[in-house]
Amino acid sequence: MKHKPVVAALLLFAPLTACGSAQAGDSSTVTVTVGYQSKTINTVTAGTLLRSLGSFEKQLNSLHDGHTYKVDWQDYATGAPITAQMTAGKIDIGSMGDFPLLINAARGKQLGKPTRLVSVTGYNLRGGLNTIVTSPNSKLASLGDLKGRKVSTSVGSAADGTLVRALQRAGIDPDKGIEKLNQQPAVGASALSAGSADALSQFVAWPGLLTYQGKAKALYDGAELDLPTFHGVTAREDFAKQRPTVLEAFLKAQAEATDYLNTHPVAAAESVAKATGLPAEVVYLYNGAHGIATFDPAIKPQLVSALKQDVSVLKAAKLTGDVDVDSFVDDQYVKKALGSGYAGRLALKPSASASEVWPKGASRTQSFKTPAELLAYVSAHKDGIRAAYVPDATTGTLWFADKAVWVADGDELLPFVAPETAQAYVSAHGGARVVTYAEALEQAS
């Protein structure tokens, strides 16, 4: 008890000595601290790619307001430490997924250090950014098979939200029906490989990475929930009010990075891969021209609506109380930063799903109208394919062609992310049958 006044004093002075303020002894130098997650690749337009392009620094240099700006980029594995640092006044701007954003809002309000959602990075309107995977040789074929099993996830993450909702729809109590292992993504991946976890529910890029490496296979496509999931940018309210032009400079830079990613998807994937150590093929699965994520800084109404629906999941897990989403969302800064172009971005819709091949040595991918056409091309160029992607026939979620579950329905070849959705199609279409990838290639050739 006797330490409370000291703590209060430290909190009182933290904003004066923390980031977003002039450095001691140099009233003209301002350091802006940005917290990001390099390997959560749906935040790259506010983190990894933005940093590599140098767009934020260029925007700050163009302010000409008498200050010299420095950017301190701090990389984290998840959103939780970014929130902790923000509420301590040590990070000005951060990026994270939707569920962590709600915790960010709740913690900020609880500690008297409010934060605001100021833009969006990557999103998927059906929920395809989260996937439940099992080991490659697992006999599990449906969500129902998870009953009584050990499932690894990161409690409080969007991937945990997907797991909870998916289990509920399958008639399984998410608290008592499984043994949930609360683990960081890397730990959960190791647990899956070691056999100490039967399944892993995680966010981008872990499911795609493990599948690409042959260490996992998909059990459930989060897009089956048909509920939007996204990543966004949050800023401390005091920072935003004290330095609105700096925040607007960040959002202008984010828009530049977004346009670069959308215009040069292969180059962007290669850049992010170089910075993170992730395979470019995995980065492209999520961030490519027809990838699982769509990038746009506009705060779309359907994303805000989804955020409101997420509150109940976090409350049930006793991770937050009520969260006033409407007061947390603050689009004034991104609207000002993007000006007349904001309305157009707000109206943009995700590009239609398509099958794509990334030929070896190519700086561009090649699209096909149907999965069968892609398979025919792959069959004829087996030694010249770097990666091949196909959209799930039900959800549109892009997946690696050689990792998809294929169904032959007469002359038609249909890919699915997960076995359960493939089986549902077969059950509803007489004569349809599940085939191997090799059989699908042979039929298409």
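This is a predicted model: local features need pLDDT of at least 70, side-chain atom pairs count only at pLDDT 80 or more; totals for chains, interfaces and linings use all residues.
Let me start with the sheet. Five strands make up an open sheet, and their order across it is β8-β7-β9-β6-β10, with mixed pairing. The edges are β8, residues 179-182, and β10, residues 217-221, each of which pairs on one side only. From one strand to the next, the twist averages 30 degrees.

Next, a pair of helices. How do α5 and α6 cross? The axes of α5, residues 98-110, and α6, residues 158-169, come within 6 Å and cross at roughly 110 degrees. That angle is why α5 is described as roughly perpendicular to α6. On the α5 side the contact involves D98, F99 and P100, and these meet A158, G161 and R165 in α6.

Now the aromatics. Searching the whole structure gives eleven aromatic pairs. One of them is Y284 with W358, a tilted pair at 5.5 Å centre to centre, with 50 degrees between the planes. Are Y284 and W358 buried or exposed? Both Y284 and W358 are buried.

A second pair is F368 with Y377. Why is the pair called tilted? The ring centres are 5.3 Å apart and the planes stand at 50 degrees; planes under 30 degrees apart would count as stacked and over 60 as edge-to-face, so this pair falls into the remaining class. As for burial, the cut-off is under 20% relative accessible area. F368 has 11% relative accessibility, so F368 counts as buried. Y377, with a relative accessible area of 19%, is buried as well.

Back to W358, to finish. Which residues share an aromatic cluster with Y284 and W358? The cluster also takes in Y212, Y389, W399 and F400. W358 has a charged neighbour too: R386 lies over the face of the W358 ring, at 4.1 Å from the ring centre.

Note on methods
Residues are numbered from 1 along each chain as its sequence is written. Side-chain values use heavy atoms; hydrogens and water are left out. Two strands pair if DSSP finds at least two bridges between them. Helices (H or I, at least four residues) and strands (E, at least two) are DSSP runs, numbered from the N terminus. Axes are lines fitted to C-alpha atoms, for helices over the stretch in contact, and angles run from 0 to 180 degrees between N-to-C directions. Rings of Phe, Tyr and Trp (its six-membered ring) pair if their centres lie within 6.5 Å; planes under 30 degrees apart count as stacked, over 60 as edge-to-face and the rest as tilted. Buried means under 20% relative accessible area, exposed over 50%, partly exposed in between (1.4 Å probe, protein chains only). A charge sits over a ring if NZ of Lys or CZ of Arg is within 6 Å of the ring centre and within 35 degrees of the ring normal. Angles under 35 degrees count as roughly parallel, over 145 as roughly antiparallel, 65 to 115 as roughly perpendicular and the rest as oblique. Contact means heavy atoms within 4.5 Å.
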